[in-house]
Amino acid sequence: MPLSRSLSLTSLSGVLPVWDEDELPVEDLLLFEVAWEVTNKVGGIYTVIQSKAKITVDEWGENFYMMGPYFEHNFKTQVEGCDPPNPAIRKAMDALIHNGCQVHFGRWLIEGSPYVILFDIGSAAWNLDRWKGELWQTCNIGLPYHDREANDSLILGSLIAWFFKELTDNLGDKPNVIGHFHEWQAGPGLILSRSRKIPMATVFTTHATLLGRYLCAGNVDFYNNLDKFDIDKEAGDRQIYHRYCLERAAVHCAHVFTTVSQITAVEAKHMLHRKPDVVTPNGLNVKKFSAMHEFQNLHSTSKARIQEFVRGHFYGHLDFSLDKTLFFFIAGRYEFSNKGADIFLESLSRLNYLLRVHRNDMTVVVFLIMPAKTNNFNVESLKGQAVRKQLWDTAHTVKEKFGKKLYDALLKGQIPDMNTILDRDDFTIMKRAIYATQRHSLPPVTTHNVLDDSTDPILSNVRRIGLFNSRNDRVKIIFHPEFLSSTSPLLPMDYEDFVRGCNLGVFPSYYEPWGYTPGECSVMGIPSVTTNLSGFGCFMEEHVSDPAAYGIYIVDRRFRSPEESCNQLTQFMFTFCQQSRRQRIIQRNRTERLSDLLDWKYLGRFYIHARHLALSRAFPDKFKTDPMAPLKTEGFRYPRPYSVPPSPSASIHSTPHHSDVEEDDDEPYDEDEEAERDRLNIKAPFVLGTVPEGKKKQPGESGN
């Protein structure tokens, strides 16, 4: 049966391109997805497999299973135990159980409720030395006794390979089995399955190469030296050579090798010496609102809650208008250099200078949400929220009294004397409230007591650039060294609500194989800054003609020096500050429309393509591909928006102006009409996975 596929370009928003040919005969196949993060939240891969589960279950039904390690607490809280519906799977599980290895089966209680098969590593640990010997005899990879994570991955892999051997023996020739393995921890299962010649199709996905993570964490000039690294030596120096060998062996054993982004594909080609067959971008489950204005209303509601926090945090120094204040943020793991916090802080210093020199009355409040070691909330931060609440209660009390006297006077047909409607006690209460807001110190730059204050990278750089929230600064900084929670006494908001209330997310990462944070911003209609060294940034460059017009600002960190990248980021933020309120609303509408691109309903098709390819290579007699068809999956591009101005930077005046002055009210703009043009004006299909030749200029960019 031919397996060549192409994407139709008949539609876009809401109705995604369709496959031209019949789907795989899933009733004659079994799909197993293997990852250490199944029911086990460790890192970003958990988000990938958990969010992708629903669309995979919709396609495969009861022929889809996820496999991972068993942890008692996770099983009790996330899994509903049940019996396997397939007798062959039941027999394979029993074979392991009768040999003293515990295997658990159930439904994972997430969207889609996929079946999960979980292997108890502890119950099989007594086989570790024997399995280490088999791994050495098979592929000459030795694991040190002190690396527990590598040893656990070998136990899991050995159990999975054993399970697949029992399963394929029970099934015979039909149905055929596909095994999809994520990351190096799942690699031993793939290596052993292939070395034992188990009849199954295999796919291996790396979300980031092991060595890439370690090298970038050490502030190495990574991308300019990809072809110069002595890979074996670098892995040995970092004592991860055995892990690197497992990863590389899994990559070369798999029928199909995939990565999550084009930038990671370039990295994998040098680090793992195999070019990926398919790029499988990460998606999200996008929930569309029935009305376009609904997400704008959510933005206003959440922004009002952030403004309340700011009123308390900056009490006594609230000499700026919150109606002319923008909220920027960066969030993620505390990897100061990898996540781009270094270039972000330097750019904020330059942005502060520009806003002051141009006498721009716009204020920018920047939140840095990165978890660090703390011992408690900052006393000044807590006091600020208490003062704000006290002021609110005072104002409410006086308002009630004022309203009652006004109401009584109007009932009598009199216009009240404003000089007597409030008595001396009322003025005394208000004066005391005002005196309570006096502050002799600057608002704190951090909301918590950071343990390593003197050596903390963010605080050290804040001291270097001198942004201490003084009255003259147009850029204010708030470092929140904890993940957000709705139960916090300081900023009681969930991350999603917080993002919705911000104006711009800034993620100038140096090492980011994909990058969910800017994707989450786009789905919520919030513009964001990313880079061409992140998977998300590369993906948007390939899919969108003018990303900046859609609220995706892409900083060039690949073909520019750090100084040039910093200036470009500064210019992006300064340009954003010059927009009118109406321009920001138009841009948010455009940004939210990009959510279709990030929906698993579209991106799941790259996984389908990888499975097709694996079946054609594992079972060439049953599944055939068109040799003339390109291996890479085709996609489409969003055009430049039709309306004028085509991008925010093109609509900016030569000098800054107030955000509330609607000078462009006569500018024609119809959201529905523009969305319809986007559907009709999509460019011709293109092949994903090409690397741009030379330096690529960003739309709407300019230097300082």
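## Strand β1 and its partners

Glu33 has His180 as its bridge partner in β6. This pair belongs to the parallel pairing of β1 with strand β6 (residues 176-182), which extends over six bridges; two strands count as paired if DSSP finds at least two bridges between them.

The model is predicted: local features require pLDDT of at least 70 and side-chain atom pairs pLDDT 80 or more, whereas totals for chains, interfaces and linings use all residues. Residues are numbered from 1 along each chain as its sequence is written, and side-chain values use heavy atoms, with hydrogens and water left out.

Six of the six residues of β1 (residues 29-34) are buried, so the strand is largely enclosed by the rest of the structure; buried denotes under 20% relative accessible area, exposed over 50%, and partly exposed the range in between (1.4 Å probe, protein chains only). In a regular strand the side chains alternate between the two faces of the sheet. Both faces of β1 are covered, with Leu29, Leu31 and Glu33 buried on one side and Leu30, Phe32 and Val34 buried on the other.

## Overall composition

The protein chain contains 22 helices and 19 strands. These elements are DSSP runs (helices H or I, at least four residues; strands E, at least two), numbered from the N terminus. Of its 704 residues, 59% count as buried. Among contacts (heavy atoms within 4.5 Å) with a separation of 6 or more, 76% involve residues 24 or more positions apart.

## The six-stranded sheet

Six strands form an open sheet with parallel pairing, in the order β14-β11-β10-β15-β16-β17.

Strand β11 (residues 363-369) runs parallel to β14 and is joined to it by six bridges. Within this pairing, Val365 stands opposite Lys476 of β14. Helix α17 (residues 516-523) packs on the sheet and touches β10 (325-331), β15 (504-506), β16 (528-531) and β17, its direction making about 145 degrees with that of β16. Such angles run from 0 to 180 degrees between N-to-C directions; axes are lines fitted to C-alpha atoms, for helices over the stretch in contact.

Arg474 is placed in the loop between α15 (457-465) and β14. With a relative accessible area of 16%, Arg474 is buried. Not counting residues up to four places away in sequence, Arg474 touches Phe320, Asn352, Leu355, Arg356, Asn360, Met362, Thr363 and Val364. Although Met362 and Arg474 are 112 residues apart along the chain, their C-alpha atoms are separated by 7.1 Å. The side chains of Arg474 and Thr363 make a polar contact (3.0 Å). A polar contact is a pair of N or O atoms within 3.5 Å; within protein, one must be able to donate a hydrogen and the other to accept it, and residues adjacent in sequence count only if both atoms are side-chain atoms.

Ser488 lies in the loop between β14 (475-480) and α16 (495-501). Ser488 counts as buried, at 14% relative accessibility. A polar atom of its side chain lies 3.1 Å from the backbone nitrogen of Leu490.

## Helix packing

Two packed helices are described by the angle between their axes and the distance between the axes. For helix α6 (residues 187-195) and helix α9 (residues 241-253), the axes come within 9 Å and cross at roughly 50 degrees. The two helices are therefore oblique to each other; angles under 35 degrees count as roughly parallel, over 145 as roughly antiparallel, 65 to 115 as roughly perpendicular, and the rest as oblique. The crossing of α6 and α9 is left-handed, that is, the near helix is turned anticlockwise from the far one by less than a right angle (clockwise would be right-handed). Gly187, Pro188, Leu190, Ile191 and Arg194 of α6 make the contact with Leu246, Ala249, Ala250 and Cys253 of α9.

In helix α7 (residues 210-217), the buried residues Leu210, Leu211, Gly212, Leu215 and Cys216 pack against α8 (231-237), α9 and α10 (262-271). Asn219, which follows α7, has a positive phi near 60 degrees. Helix α18 (residues 535-543) has nine of its nine residues buried, so it is largely enclosed by the rest of the structure. Its buried residues include Phe536, Phe539, Met540, Glu541 and Glu542.
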